[in-house]
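Hi everyone, thanks for making the time today. I'd like to walk you through one structure, so please have a look at it before I start talking.

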Amino acid sequence: MSLPVEIVFGVYLGVITGIVPALVAGTLGFVFKYVTDVTIPGLGVVVLSLAIAGINGGLLALNDETIRSSERAPAILTAIVVVLMLSMYAHAQGDRLGASVPKRISLKQLRDRTLSTDVIELVGGRGRVSVEVAGEVNDMEGYPPLPADTRTAILDGDWTFPADLPLAELEDRFAERLRTELDLADVAVRIDEQARATVAAAPPTGALSKRVPAGKRAVSVSALVPTGIARGDVVRVITPDLDAEGAVIAARSSGKPEPGGGAAPKPAPAAGDGPDPDDDARTDGGEDAVASPPAATAPTTTGGEGRVTLALDRSEAAALLRADRGRVLVLSRGTRREYELTALLRRAGKRFRKVSVVAGGPLDGHTIGEAEIREAYDVAVLAARHESWIIAPDGSQSLSAGDDLFVVGSRDAIDRFAEVAA
């Protein structure tokens with residue numbers, strides 16, 4: 001046969017005999033890279049491929065005597081080249097796949113959905129996302145229909161959240177924010193990758209009664225109500241026969257909001273709820289209550305004559321019921337401890353930052369004590385999230401890829417730690 005025909009025959013023979021060596025080389029390349037992070041040397045791939053191809057070629061030669069002829073040397077050399085090319089290519093692809101596949105994949109990671117990068121906004125170097133309520137707000141089965149003003153507040157509200165949250169946690173935060181700000185009885189939220197939310201909500205039911213702590217009594221008193229009182233504020237009511245302190249669970253005043261002053265949105269707002277039978281002022285002898293729609297922010301009083309409802313002990317409640325009116329003093333709650341901690345850290349030249357453990361890094365698969373984070377990086381771990389958040393974890397806390405850490409230290413130390421370990 002002519003030389004071109006021999007070369008074509010050699011290519012055919014190389015493809016036939018090279019399939020098995022290529023599969024073996026690719027599989028071994030992937031396994032070695034994934035398990036040991038070691039690449040098989042090229043010489044080892046060549047020797048292994050030729051050995052397997054030799055077995056295949058020997059079996060073919062037994063069936064076809066012409067293959068063993070000396071005149072077939074160009075075809076055999078071509079077949080060897082083809083076998084080696086297929087094996088080296090398969091090995092390179094397997095090695096690359098072994099390096100890119102995550103070393104540890106948990107069911108939680110497979111379950112977590114994330115936002116599309118198209119909807120993330122960078123503000124001050126931090127990502128945030130604005131959730132948009134798509135379509136109508138649905139009613140929840142087993143509850144009364146949602147009032148129209150509450151639907152409007154949900155649709156038109158500004159719902160902004162950090163962008164580094166999984167969608168499941170983002171849904172929980174959105175639902176909790178709707179419950180808190182609009183005092184809804186129940187909320188179901190579903191958010192897709194484009195930050196579009198589907199919301200079903202139920203109106204408040206028994207809002208006042210469920211805010212009264214166990215063992216307490218709700219008592220209303222007429223007074224000159226300060227501006228800005230909201231639910232949860234601690235006030236002192238002074239009467240000729242009683243000096244009592246308690247938490248505000250509802251308040252109403254008759255003051256008029258100043259134009260542009262950022263006050264409550266209604267002329268007679270209440271720190272309680274809107275159309276709720278438990279909040280009706282007629283239950284304690286007052287005037288007819290004026291229902292105010294839920295606002296997107298926590299409602300507060302605008303000052304003036306009004307009524308304040310407190311949660312008090314039984315003895316204090318009975319004494320306050322005998323008073324016609326009283327004086328209301330708002331008590332200070334003090335300084336938030338977390339802000340005090342932040343101020344102390346900054347005065348000491350320290351900063352804190354949230355980082356994530358990188359796969360294959362010095363922290364992945366080790367405990368905090370084994371990694372010697374404080375000694376090696378000069379930072380301390382304030383909190384860690386492995387499956388749930390743990391405050392001030394000890395040295396036995398295990399870490400794995402994707403875990404979140406709050407670390408504190410100097411700016412340079414945190415930067416070095418983030419570059420090397422997280």
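Let me begin with a single side chain: tryptophan 389 has a relative accessibility of 36%, so it counts as partly exposed. Keep in mind as we go that this is a predicted model.

Who is the ring partner of tryptophan 389? That would be phenylalanine 406: the two form a tilted aromatic pair, with 5.5 Å from centre to centre and 35 degrees between the planes. Tilted is the label here because the angle falls between the 30 degree limit for stacked and the 60 degree limit for edge-to-face. Tryptophan 389 belongs to strand E14, residues 389-391, while phenylalanine 406 belongs to strand E15, residues 404-409, so the pair ties together parts that are 17 residues apart in sequence. As for phenylalanine 406, a relative accessible area of 28% makes this residue partly exposed.

Now, is strand E15 as a whole mostly covered or mostly open? Mostly covered: 5 of its 6 residues are buried. E15 also has strand partners. Strand E12, residues 351-356, runs antiparallel to E15 and is joined to it by 6 bridges. Within that pairing, our phenylalanine 406 stands opposite lysine 354. Strand E13, residues 380-385, is antiparallel to E15 as well, with 5 bridges between them. There, alanine 384 has leucine 405 of E15 as its bridge partner.

Let's stay with the rings for a moment. The model has 5 aromatic pairs by the ring-centre rule. Another one of them is tryptophan 159 with phenylalanine 174, also tilted, at 5.4 Å centre to centre and 50 degrees between the planes. This pair links distant parts of the chain: tryptophan 159 sits in strand E4, residues 159-162, and phenylalanine 174 sits in helix H6, residues 167-182, 15 residues apart. Both tryptophan 159 and phenylalanine 174 are buried.

Ring pairs join Trp159, Phe161 and Phe174 into a cluster.

On to a sheet elsewhere in the chain. In what order do its strands come? The order is E7-E10-E9-E8-E11, five strands in an open sheet with antiparallel pairing. The edges are strand E7, residues 217-227, and strand E11, residues 327-330; each has a single partner strand, so one side of each is left without a neighbour in the sheet. From one strand to the next, the twist averages 45 degrees.

Further in, strand E9, residues 242-253, pairs with strand E10, residues 302-312, in the antiparallel sense over 6 bridges.

One last stop, and it's another aromatic residue. Tyrosine 89 is in helix H3, residues 73-100. Is tyrosine 89 buried or exposed? Its relative accessibility is 56%, so it counts as exposed. The C-alpha atom of tyrosine 89 is separated by 7.8 Å from that of alanine 22, although the two residues are 67 apart along the chain.

That's my tour, and I'm happy to take questions.

Note on methods
Residues are numbered from 1 along each chain as its sequence is written. This is a predicted model: local features need pLDDT of at least 70, side-chain atom pairs count only at pLDDT 80 or more; totals for chains, interfaces and linings use all residues. Side-chain values use heavy atoms; hydrogens and water are left out. Two strands pair if DSSP finds at least two bridges between them. Helices (H or I, at least four residues) and strands (E, at least two) are DSSP runs, numbered from the N terminus. Axes are lines fitted to C-alpha atoms, for helices over the stretch in contact, and angles run from 0 to 180 degrees between N-to-C directions. Buried means under 20% relative accessible area, exposed over 50%, partly exposed in between (1.4 Å probe, protein chains only). Rings of Phe, Tyr and Trp (its six-membered ring) pair if their centres lie within 6.5 Å; planes under 30 degrees apart count as stacked, over 60 as edge-to-face and the rest as tilted.
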